[in-house]
Amino acid sequence: MLTELSGLLCSTQTQSKMDPSALREEGNNLFKSGDVEGAISCYTKALKVSQCDSESAVLYRNRSACYLKLEDYSQAEADATKALDTDQGDIKARFRRAQALHKLGRLDQAFLDAQKCAQLEPKNKAFQELLRQLSAQIQQKAVQLSSTDSRVQQMFKLLLDNSAQASDRQKAAQNLVVLSREDAGAEQIFRNDGVKLLQRLLESQQEDFVLSALRTLVGLCTGHQSRTMAIVNELGMDRLCGVMGSGASSVSLSACHLFQVMFEALTDGMKKDVRGKDEAILPEPSRELRSMLRHLIDMLAAPNVSGPGRDSAINLLVKQVPRKSQKHPDNSLTLWVIDNGLKKILEVAGTVPEITDGPPLTDNTLMSCSVLLNKLYDDLKSDKERENFSTLCEEYIQHHFRGPGLESKLRSIQTVSVLLQGPSDVGNRTLEMSGIMDAVISLCASENITHQQVAVETLIHAAGKAKRASFITANGVALLKDLYKKSENEQIRVRALVGLCKLGSAGGTDFSMKQFAEGSTLKLAKQCRKWLCNDSLPPNSRRWAIEGLAYLTFDADVKEDFVDDKNALQAMFQLAKSEDKTVLFAIGSTLVNCTNSYDVEKPDPQLVELAKYAKQHVPEEHPKDAQSFVEKRVVKLLEAGVVSALVCMVKQESPALTETCRECIARVFLALVERQEDRGMVVAQGGGKALLPLVSESTDVGKIKAAQALAKITITSNPEIAFPGERVYEVVRPLAGLLALDCSLLQNFEALMALTNLAGISDRLRQKIIKEKAVPKVEGYMFEEHDLVRAAATECMCNLILSPEVQKLYLATDSDRLKLLVLYSGEDDERLRKAAAGTLAVLTGEMPEVCARIPSTTSHWLEILQALLLSESQDLRHRGVVITLNLMQAERSLAEKLMESEALEILSVLAKAADASQASVTRAAQCCLDLCLEYGLIRSNGGEANGKSAP
């Protein structure tokens with residue numbers, strides 16, 4: 001049996017076939033067995049080598065059926081169209097195109113195809129049913145449009161009537177927003193010249209009307225390229241940018257959302273393969289995209305744009321300009337923005353509001369500039385492009401540094417400070433320019449508070465790099481200490497303190513490397529907590545106290561004191577929920593340190609001994625970083641309300657919420673759900689919902705950490721409660737992503753356990769798991785050497801087998817799937833046996849045709865089945881009896897084989913069991929005996945089944 005099982009681990013080699021007919025036949029077989037992806041691969045290969053148009057048409061038609069199965073309706077429609085281009089009479093291709101068009105919402109085109117199919121085959125029920133559905137939906141849409149049209153006209157009449165009551169007009173504006181969210185409503189608003197009305201509302205200068213107009217425009221533009229292009233051209237970018245640049249923060253945010261929707265509509269439209277009549281009327285949207293970007297760049301340095309409006313423009317550039325993936329080869333948009341807008345970005349970055357003439361800023365603007373500059377720099381592909389970026393920055397800084405007056409030098413130093421927080425390589429190069437570092441040190445001693453503030457902040461950011469930190473440790477520590485002790489201004493003192501904190505934490509978590517004397521770090525941390533709790537300080541100064549703690553909490557003594565200080569924790573959580581977005585990363589870093597959720601590589605003990613022998617430095621762990629201390633800190637953070645603070649941080653719409661910042665939040669969430677007893681509290685306070693965006697918008701590491709946290713929650717909580725409504729379906733993809741070789745076995749195991757829970761809830765969830773291509777991955781882990789992972793994968797398959805699509809996989813005769821289940825049912829691992837036998841019980845019950853193949857899987861099948869029936873575990877006995885009953889019901893010959901073995905005696909004993917707890921086993925065993933009586937394989941003896949009948 002072990003030989004047979006190990007034989008399953010041998011991979012089969014795919015034969016190369018260059019014959020289109022053979023590839024098509026192979027694709028057909030794969031499609032029938034349920035391997036739709038494999039079928040697509042075969043049809044695609046066949047199309048590459050096919051020389052015959054008619055043969056290609058059949059292949060396109062078949063591949064269209066595959067895409068329909070995968071719910072990729074755009075591809076299904078495209079392939080069906082290609083088949084029809086060759087043969088207009090191909091009724092199968094036309095029907096598949098009708099189905100795809102129906103799902104895509106193109107009802108009129110779908111109706112024409114379905115009507116043609118019904119004309120060619122009037123008696124085909126499938127054609128008639130699709131035609132009936134389309135007719136009903138088209139009529140319903142017509143009625144809806146008619147009703148919507150009257151409502152739109154009514155809203156317009158009220159809004160245009162200046163004599164109407166203000167409350168009625170406001171209500172009409174709100175109703176217009178609601179209507180625009182429906183397809184029919186949006187279309188009617190647009191067709192009834194609604195854009196001009198919305199233009200009047202935008203010009204009304206009344207905030208409620210302006211907000212309603214912006215939200216209505218969002219409804220009109222969402223997912224609709226042609227309407228978006230028309231709106232951009234009719235309203236004009238100057239007007240839209242003027243609205244976003246207005247003083248009201250709420251209006252600026254709404255306008256920013258509208259721009260975001262417009263960008264998405266235009267870029268998504270460019271990606272789609274537009275065919276048919278739409279192709280002739282839709283021009284290329286790249287002109288509108290470039291126009292939008294040009295206006296956003298012009299907004300950056302414009303003096304008439306408000307601070308919130310400028311932040312919105314920067315936020316849009318951060319989201320829209322850099323490539324979404326480094327795999328995409330085209331970074332021309334980034335290069336265009338650098339050529340046309342880098343100088344304007346640097347103008348904003350160099351603005352010192354208290355001194356220099358420049359555009360209005362918010363507390364978040366400079367941090368947003370750092371993020372934008374970093375995103376642009378990271379999107380560059382070659383050394384030449386990066387050198388050009390650095391040169392442009394150096395030329396700008398040099399121009400101002402050599403300019404007349406101190407203000408010009410301050411602008412250049414402020415620009416360096418922003419670059420150090422963003423593309424630090426560029427920032428370091430500019431810092432090394434002649435005279436810059438000397439000017440920074442000199443200005444730290446200035447009597448002007450603003451000069452000191454700019455210089456000290458630059459010094460702090462410069463200390464972030466090891467080589468720079470060593471220079472400052474030698475030359476700047478005394479200066480920072482002097483500022484901290486002697487300055488009468490609290491804002492300067494707190495910044496000097498952060499510089500000292502940063503230098504004092506250079507050893508990281510290494511207990512043996514301390515920069516300052518014993519106790520100095522604790523004194524610095526105590527002062528940071530004091531300033532953090534000081535409400536009289538402005539928020540941007542209290543932010544620097546968090547910055548200091550982000551460095552000092554590498555020290556476990558500081559962590560312990562901090563989590564014990566409830567006032568300091570509450571002050572930090574309040575800042576997390578405030579309007580100051582620049583504090584997000586510092587809070588995230590502090591929490592990562594307190595929960596020890598950073599990655600630590602534990603060295604090999606033998607290498608440690610060798611290092612000691614060679615008198616090399618060996619990092620030491622602080623005693624208070626032991627797991628018991630970490631768990632207590634996590635409990636204290638939970639009790640203080642850390643989850644609600646993290647939830648608020650995730651919701652922030654700001655460039656300051658970078659992917660690295662999201663990774664910090666994901667790490668903290670993973671630490672918070674480590675203990676099973678804490679997961680309910682995290683879910684109750686919204687942690688489950690907050691994790692969902694982190695699995696798609698974070699670093700690669702952050703996505704995995706967030707997905708693992710989701711897995712832990714899904715394992716122990718009811719997924720339908722933890723992720724109510726449609727959110728539960730969003731959990732599937734990140735869990736399937738954990739089934740990868742670059743994830744740890746623990747992450748694999750937890751993902752399998754979580755998917756098992758989801759697969760047991762509903763068929764729709766099982767379909768989602770199948771759609772995310774998790775089934776082949778689960779099957780792969782059924783071969784894993786680790787007992788727990790192998791058992792978890794088999795348990796997951798036990799729930800997935802409830803899906804007819806998965807059941808069909810076990811019909812394939814060229815696969816050992818069925819054999820694996822039979823063999824696993826005879827393994828020593830009880831958990832694995834239960835899962836495999838449970839899967840067999842469901843499979844043999846749902847698909848009787850599988851039963852006849854079980855005897856051919858292994859010569860030990862009877863031995864395995866009898867072992868299940870004789871097991872001490874009631875669960876295994878029940879599974880064994882159900883499998884036996886299913887086999888007998890499937891074929892009389894199988895019942896004969898079973899009765900010729902010891903199974904009859906075992907079933908007779910099980911059927912007589914008087915124990916009420918074994919009632920399910922007893923009933924199933926009796927059903928087996930009754931069936932044998934019916935077959936005439938045994939005879940009744942005094943009302944009981946007994947003995948074997950004559951053959």
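**Close-up views of a predicted model**

**View 1. Glutamine 199 and its contacts.** Skipping its neighbours within four places in sequence, glutamine 199 is in contact (heavy atoms within 4.5 Å) with Glu234, Leu235 and Arg239. This is a predicted model, where local features need pLDDT of at least 70, side-chain atom pairs count only at pLDDT 80 or more, and totals for chains, interfaces and linings use all residues. Residues are numbered from 1 along each chain as its sequence is written, and side-chain values use heavy atoms, with hydrogens and water left out. You'll find glutamine 199 in helix 11 (residues 194-202); helices here are DSSP runs of H or I with at least four residues, numbered from the N terminus. Glutamine 199 has 18% relative accessibility, so it counts as buried, a word that means under 20% relative accessible area with a 1.4 Å probe and protein chains only.

**View 2. One face of helix 55.** In helix 55 (residues 892-899), the buried residues are Leu894, Ala895, Leu898 and Met899. Look down the helix axis and these buried residues fall within an arc of 135 degrees, so they line one face of helix 55. That arc is taken from the directions from the helix axis to the C-beta atoms.

View 3. Helix 53 (861-869) and helix 54 (874-890) are the elements that give two or more residues to the lining. Helix 53 provides the largest share, four residues. Sorted by type, the lining has nine nonpolar residues, one polar and no charged.

**View 4. Cysteines without a partner.** The structure holds zero disulfides (pairs of cysteine sulfur atoms within 2.5 Å). For cysteine 664, the nearest cysteine sulfur is that of cysteine 661, 6.1 Å away. Cysteine 664 is buried, with a relative accessible area of 9%. What about cysteine 928: how far is its sulfur from the closest cysteine sulfur? The distance is 7.0 Å, to cysteine 932, too far for a bond. Cysteine 928 is buried too, with a relative accessible area of 0%.

Methods. Buried < 20%, exposed > 50% of the residue type's maximum accessible area, 1.4 Å probe, protein only. Nonpolar A, V, L, I, M, F, W, Y, C, P; charged D, E, K, R; others polar.
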